[in-house]
Amino acid sequence: MKKSSISCGQQDFSSVLELSLELTKNYDHIPLCYIHTYGCAQNVSDSEKIMGLMKECGYSFTDKVENADLIIFNTCAIRENAEAKVFGNIGELKRLKENNKNLVIAVCGCMTQQKHIADRIMESYHQVDIVFGTYGAEKLPQMILDVLRENKRVFAICENGDLMSESLRQLRSDKIKASIPIMYGCNNFCSYCIVPYVRGRERSRELDAVYEEAKSLVEQGCKEITLLGQNVNSYSYGFVELLKKINSIDGDFRIRFLSSHPKDASKELIDAIIDLPKVAKHLHLPLQSGCDEILSAMNRRYTTNDYMRIVSYARERKPDFSFSSDIIVGFPGESYEQFCQTKEFLREVKFDNIFSYVYSRRSGTKAAELRDNISDSQKGLWLRELILDQRETATNWLSRFVGMTLVVLPDMEGRTGEGWLAGKSDENIIVEFKGGKSLIGQFVRVKITKAMNWALLGEIDK
Ligand code: 5AD
Ligand code: SF4
């Protein structure tokens, strides 16, 4: 196979229908697409757009990779182990490709946006036909056609792009919960993070476009809308304005959002969460470290005092206010004492939940140049220590809800036993209670009877 690259502006077809006819005539059946999404909610949302496009092009979907005519891996670059997993999975596709010469394999997303990764796939993974990054997904049908017609590999990594095309509509499989991207990219350049390099600078979607999308989802019966962005607080048209506008849509639904940056989280944001009835009473506010020197080395641009000011304001207004966070353990140069400051700070803040990670070196970032003399296995032990500590905090702190009635949106059967349902409360806490499956997808008032470290148990409040 010869290698090739196409420019991002190339487009031969006047309509998707025409393109769809060209594509489907290569098959004697409805072609099946298998898509595997790695990583965050933003990637899930991008994959939904790609699925929307492929559906328009006449494809159906399968969750069995061996039945697929088109395999897409939408990848994540946030940590090294995410990348290792993708390479392992791509390796396994070699056998499928040998058995089916018509199979088209595409790899896209944050990982392939990095040149050294795209090069490695090009050199060493010949089963992959198409590589593109975080831009240009709308050209995928054209790329597939090039592979099928001309038997060539297509590498189309663009350096920058627009919004993940406004013309692509998400194909959402979940009718109860949906996400809406409100902005793409990140300007913050935290020193450990690859995101600004692979997703480019911040671009916000128009407020009216987001509003219309939310309105239409609510009209279709959606009960929970999550607004997505790397740092929603720097949404160009005013994030609190957007929350107010979406809150004004008629209907029984709630609004969540991800993620906020502590340097931009304002009192107005806390007020909006507390005062707007449809906004879920919870803030995910990634702290990353509870040590000021490490925060500075991470280029986070806030101190633990700044962070605590936001928490205190929220808890003054609403004493049971729920926070969750992201923590990185073992940043280059971090000492055990500095790690212990993080542990202490977590106890002070009292998070309901944290997502904690061992620092992963990302080449191209500022932190990748720093000396790092703590071994990964040592960092693994610190992580364990942090998790055990947090578990204790959470169990104690979650017990504040015992005796209270929370609003829960059950979306699956519970782990507690037969006849139990599970869902998240407004405060973003897993709640399990006994109830019929017909309640799935409806808001239920649940009186909390018990707190565990991972969830609350309760009974329907009649
Ligand atoms: N190593 C470990 N964790 C990271 N995160 C981002 N970059 C890295 C990295 N290089 C974590 C941060 C962020 C979350 C999405 O992933 O905690 O908030
Ligand atoms: Fe990465 Fe920091 Fe941007 Fe979050 S705010 S995506 S951690 S650079």
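This is a predicted model: local features need pLDDT of at least 70, side-chain atom pairs count only at pLDDT 80 or more; totals for chains, interfaces and linings use all residues.
Residues are numbered from 1 along each chain as its sequence is written, and chains are lettered from A and ligands numbered from 1 in the order in which they are written.

**Confidence.** Colour the chain by pLDDT (the predictor's confidence in each residue, from 0 to 100). The chain mean is 93, with 96% of residues at 70 or more. Then select residues 1–10, where pLDDT stays under 50 and the model has 26 contacts beyond four places in sequence; contact means heavy atoms within 4.5 Å.

**Domains.** Colour domain 1 (16–156), domain 2 (174–275), domain 3 (281–400) and domain 4 (402–460); the bounds come from an automatic or database domain assignment. The centres of domain 3 and domain 4, taken over C-alpha atoms, are 28 Å apart. Between these two, 11 residues of domain 3 touch 10 residues of domain 4.

**Ligand 1.** Select Ile 78, Arg 79, Tyr 192, Gln 288, Asp 326, Ile 328, Tyr 357, Val 358, Tyr 359, Ser 360 and Arg 362, the residues around ligand 1 (a heavy atom within 4 Å). By class, 6 are nonpolar, 2 polar and 3 charged; Ala, Val, Leu, Ile, Met, Phe, Trp, Tyr, Cys and Pro count as nonpolar, Asp, Glu, Lys and Arg as charged, and the others, Gly among them, as polar. Show three distances next. A nitrogen atom of the ligand is 3.0 Å from a polar backbone atom of Tyr 192, and an oxygen atom of the ligand is 2.7 Å from a side-chain N or O atom of Gln 288. At Ser 360, a backbone N or O atom lies 2.8 Å from a ligand nitrogen. Taken alone ligand 1 exposes 400 Å², of which the protein buries 86% (Shrake-Rupley method, 1.4 Å probe). Strand S14 (322–329) and strand S15 (353–358) each give two or more residues to this shell; strands are DSSP E runs of at least two residues, and helices H or I runs of at least four, numbered from the N terminus.

**Ligand 2.** Its surrounding residues include Cys 186, Cys 190, Cys 193, His 261 and Arg 300. Tyr 192 also belongs to this set. The shell divides into 7 nonpolar, 3 polar and 1 charged.

**Backbone.** Finish at Leu 258 to Ser 259, a cis peptide bond with omega near -15 degrees. Ser 259 sits in the loop between strand S12 (254–258) and helix H9 (267–275). Arg 301, in the loop between helix H10 (292–297) and helix H11 (304–317), has phi near 65 degrees. Most residues other than glycine have a negative phi, and most peptide bonds are trans.

Conventions. Side-chain values use heavy atoms; hydrogens and water are left out. A polar contact is a pair of N or O atoms within 3.5 Å; within protein, one must be able to donate a hydrogen and the other to accept it, and residues adjacent in sequence count only if both atoms are side-chain atoms.
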